[in-house]
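Reader: I am new to this structure and would like to learn how to read it, one feature at a time. Could you take me through it?

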Amino acid sequence: MRHEPKQPIGWMDKPKFVKRLFQVFYVLAGLLVLAEIVLGRTTEHPHPYEGPFGFYAVYGFASFWFLVLLAKPMRKLLIRSEDYYEGGQDDD
Amino acid sequence: MTSLPPFVLFFIGAIAVGFTKGLPRKVLVLAIPLLGGLNLWFNVDPGVHMQFQFLGEYRLTPFRADKLSLLFGYLFHLAAFLGFLYALHLGDGDVDGSVAEDDPSGGDKAGLQHVSAMLYAGSALGAVFAGDFITLFVFWELLAVTSVFLIWARGSERSYATGFRYLIIHVVSGVLLLSGALMIAHRTGSIEFGHVGLEGSGLAGWILLIAFGIKAGFPLAHNWITDAYPESTPTGTVFLSAFTTKVAVYALARSYVGEDVLIYIGTAMTFFPIFYAVLENDLRRVLGYSMINQIGFMVAGIGIGTALAVNGAVAHAFADVIFKGLLFMSMGAVLTMTGRTKGTDLGGLYKTMPFTATLCVVGAMAISAFPLFSAFVTKSMIMVAAIEEHHYIVWLFMLFASAGVLEHAGIKIPFFSFFAHDSGIRAKEPPKNMLLAMSIGAVLCVLIGTFPSQFYTLLPMEMDYRPYDTTHVLVQLQLLCFGALGFIALMKTGVYPDEKRAVHIDAEVLYRKVGPWLVRSVGGTVARIDTYVRASVLEFVASVLHVTSKAHGPIGPLARSWPTGSMVLWVAILLVGYLLFYL
């Protein structure tokens, strides 16, 4: 029973559902920023660099971009064929 | 039973498992960790339970229990139970609903895998209850020797090579451990497995640290993890991920608490693997890098050395065995049912494997430290301890690494295997025992995260820490939610790198490529010089022989036999000469 001819449609195949999912996510992010305005940050262990409003939100978003933007040039430098260690692409 | 070290039950059990099949074997592999765990929980108190005199002045201590070793003891029994439950179907024949072209499970070697895993779990228990370095060394080496069969059971050419590399690296670690221990014994007159530290212990302290570091996956020594885990069987990797590295974390917590160097080594470990994890295509190798990242938090916690930090390190080790085990189980289920674990081959599996997908998402949320999940209450102890001890830059790196965890383990693993583009693979859910093991793991992830105070009572140090306050929950949700928004933005803009069928070279290139190349090229040069020198000497000897043979050979003037007539003639000539001279 490999690769059945009739493919089931999943909820992720429906663009409308995916769009709605993203919208829920954006609303959630907005609520979290709002929560910081309303509740403030009162931690027992404040970090000297976490001062500015929205620090964690910006740090989380920026971390993903930094990670990927640094990983891409790393790939150019480090990528080899799948059989590299088995003798492929010896000269690289 | 209390006075017997916990490993004994596992070692005797392994023999019994080796001689049984079918249902009796299934009962045995589940009963042994269960009975051992219950015995440890109810009957074993802190203290030295077994000790011998050794070589006159030394004392061997095969069974010493304290809160630290007991915590790891409970953990290893639990991990063994879940691992065997997950592997229970091995030997039952083909897995129903699998579309894998060849069997990746090593099902024909079920007995070998069970015996190996039982001895391996026993060795891990032997190591954490060892009270002296000699006992620790024995179990340290046994950890490697017993577990390598879980890699070889895969039966592929690649797994054989990986297994040998794994064995060599771990035996080297063991030899270093013994060397360091002997140096310490020579200096202090004691082989007790206790605090060593770097100050005042000289070279021995560093050698021992490197020995522990190799097993813990310190930078440059980390590739055995990313090499071995993806090449093992689906069930074997679950065992591998539970024991070896955690024994190393335990050893560091026992001997190197408060060593500053560990803070920086640990931070490096949290940082660099997440870049590889973004690029890596094999999802079990991604989890290997994730493992190094998580151990980095533990190592840093041990380095910070306060009660909160050390508790955080060992609590995170406990939580990691469960959530990382759950993630390895879910990827193992995918491998078992599809024969694949590469991001480029997978996608859309949620349609036919919804339970596995859900359980994988629970593991992903736990490792990403969502509130109500385990890492939220364990990793945060290390982060707070870093702030308390004014390691602000280290904290920023750790926070970045936490976002990285969400990227590779929280999103990439479930997204590329179960969601993303539909690969067209229509594999069924894995066997029920696999689903049950994963479900127990998932429930534990939530229980630890939801009721942390009960879990904290098991931790070795006294502390006062409450993980749940409004700010902690809020900032953690912000970090995760906006990190995920970053991922959505990266995908929508097409910046996120595609999965590629490739490898990305890492430190292992030194011994897998550069080393052999050096041996080949240096060896080749030496061979050429050797050939030239030999040829030259032979040529010289030949020419000497030729000249000698010319003079002294059968037809050489110096070897020619002269006729008697000419002799008489010469005698006559000499006599005539003599006569003339006389006259």
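Author: What follows goes from the confidence scores to the contact between chains, and then to parts of chain B.

Reader: What pLDDT does chain B average, and what ipTM is given for the complex?

Author: This is a predicted model, and the scores should be read before the details. Where pLDDT is low, the predicted coordinates should not be read in detail. Chain B averages a pLDDT of 93, with 99% of its residues scoring at least 70, and for the complex the predictor gives an ipTM of 0.88 together with a pTM of 0.90.

Reader: How many residues of chain A are in contact with chain B?

Author: Contact is judged here by C-beta atoms lying within 7 Å of each other. By that rule, 45 residues of chain A are in contact with 52 residues of chain B. On the side of chain A that touches chain B, at least two residues each are supplied by α1 (15-39), α2 (55-78) and β1 (79-80), and the largest share, 16 residues, comes from α2(A). Sorted by kind, the residues on that side of chain A are 26 nonpolar, 10 polar and 9 charged.

Reader: Which strand of chain B pairs with β1(A), and in which sense?

Author: The partner of β1(A) is strand β3 (residues 503-504) of chain B, and the two pair in the antiparallel sense over 2 bridges. Within this pairing, A:Ile79 stands opposite B:His504.

Reader: How is chain B divided into domains?

Author: The domain assignment gives domain 1 (1-256), domain 2 (257-500) and domain 3 (508-549) of chain B. Taken over C-alpha atoms, the centres of domain 1 and domain 3 of chain B are separated by 46 Å.

Reader: Why is α3(B) described as largely enclosed?

Author: A residue counts as buried when 20 or more other C-beta atoms lie within 10 Å of its own. In α3(B), 16 of the 20 residues are buried, so this helix is largely enclosed by the rest of the structure. The helix covers residues 67-86 of chain B and reaches 28 Å from its first C-alpha to its last, close to the 28 Å expected.

Reader: Is B:Ala121 buried or exposed, and which residues does B:Ala121 touch?

Author: B:Ala121, placed in helix α4 (residues 110-128) of chain B, counts as buried because it has 32 C-beta neighbours inside 10 Å. Leaving aside residues up to four places away in sequence, B:Ala121 touches B:Phe10, B:Pro33, B:Phe76, B:Ala80 and B:Phe243.

Notes:
Residues numbered from 1 in each chain as written. Chains lettered and ligands numbered in written order. Predicted model: local features only at pLDDT ≥ 70, side-chain atom pairs only at ≥ 80, totals over all residues. Helix = DSSP H or I, 4+ residues; strand = E, 2+ residues; numbered from the N terminus. Expected span 1.5 Å × (residues − 1). Buried ≥ 20, exposed ≤ 12 C-beta atoms within 10 Å, placed from the backbone. Contact = placed C-beta atoms within 7 Å. Nonpolar A, V, L, I, M, F, W, Y, C, P; charged D, E, K, R; others polar. Pairing = 2+ DSSP bridges. Domains from an automatic or database assignment. pLDDT = per-residue confidence, 0-100.
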